[in-house]
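Reader: I have a new structure to read. Please walk me through its strands and cores.

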Amino acid sequence: GGTVLGSHPDVEGTPPSGCGLALTHGSRLVLAGDTDDQQIVYLSRAANTFYDFDYAQTDQSAAVALSFKEPVTALLSHTRDCMLVGMTDSLDVVRGTETGAMLIETLSHEVGPLMQSAWCHDATGRLWLFTRDGLYTMQAGCGDSVESVSRESLPAELIPVNPGAGDKVYVGYDHRWRGLHNIVNSA
């Protein structure tokens, strides 16, 4: 799981720069993928405009920085009360982002989304993730475990997908035809 960091020395009230991942979750702006520290997830002050990243404050709505065990590859607003932090080989859930009483739990120690574009929700709210081990899914509720749906039937070409080598993965749900699209561009 992640760790709550108190004060972050490089940020005093302004958003961190160099973050390639951004998400609005509830009333907070969430940033990650910092080129200087890819294991940190930054949350702005709750119920405020998205520019307050003052980590010196300690009230329940204050901005907070969370530290995770691996570089963060994806941020997912799964449900209103459930923010997911994806790493290449794990998936954590963060609950309580609005109240400041954040609880971080690991949902998987084996799989996580390969990148920010490697996940989507379908029409029922079910989450779909493209991982190193193929396609996984998680029910619409908050904190269920992820389940493999394709390992046995995954084409051999999709097993060695490597974002570090420049491969790109896109997962999207087609509401019209009620189907899942997995697109892989190999470098």
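**Strands and cores**

Reader: Which strand does β2 pair with, and in what sense?

Author: Strands of a sheet pair through backbone hydrogen bonds, either parallel or antiparallel. Here β2 pairs with β3 (residues 28–32) over five bridges, in the antiparallel sense. Strands are DSSP runs (E, at least two residues), numbered from the N terminus. Two strands pair if DSSP finds at least two bridges between them. T24 stands opposite L29 in β3. The two strands form a hairpin with two residues between them. G26, in the turn, has a positive phi of about 60°. This is a predicted model: local features need pLDDT of at least 70, side-chain atom pairs count only at pLDDT 80 or more, and totals for chains, interfaces and linings use all residues. Residues are numbered from 1 along each chain as its sequence is written, and side-chain values use heavy atoms, without hydrogens and water.

Reader: Which side chains of β2 are buried?

Author: In a regular strand the side chains alternate between the two faces of the sheet. In β2 (residues 21–25), L21, L23 and H25 point to one face and are buried. Buried means under 20% relative accessible area, exposed over 50%, partly exposed in between (1.4 Å probe, protein chains only).

Reader: Which residues touch the most other members of the largest nonpolar core?

Author: In soluble globular proteins, nonpolar side chains tend to be buried together. A nonpolar core is a set of buried Ala, Val, Leu, Ile, Met, Phe, Trp, Tyr and Cys residues joined through side-chain atoms within 4.5 Å. The largest has 17 residues; V41, L66, F68, L75 and V85 touch the most other members. Its largest share, three residues, comes from β7.

Technical notes
Helix = DSSP H or I, 4+ residues; strand = E, 2+ residues; numbered from the N terminus.
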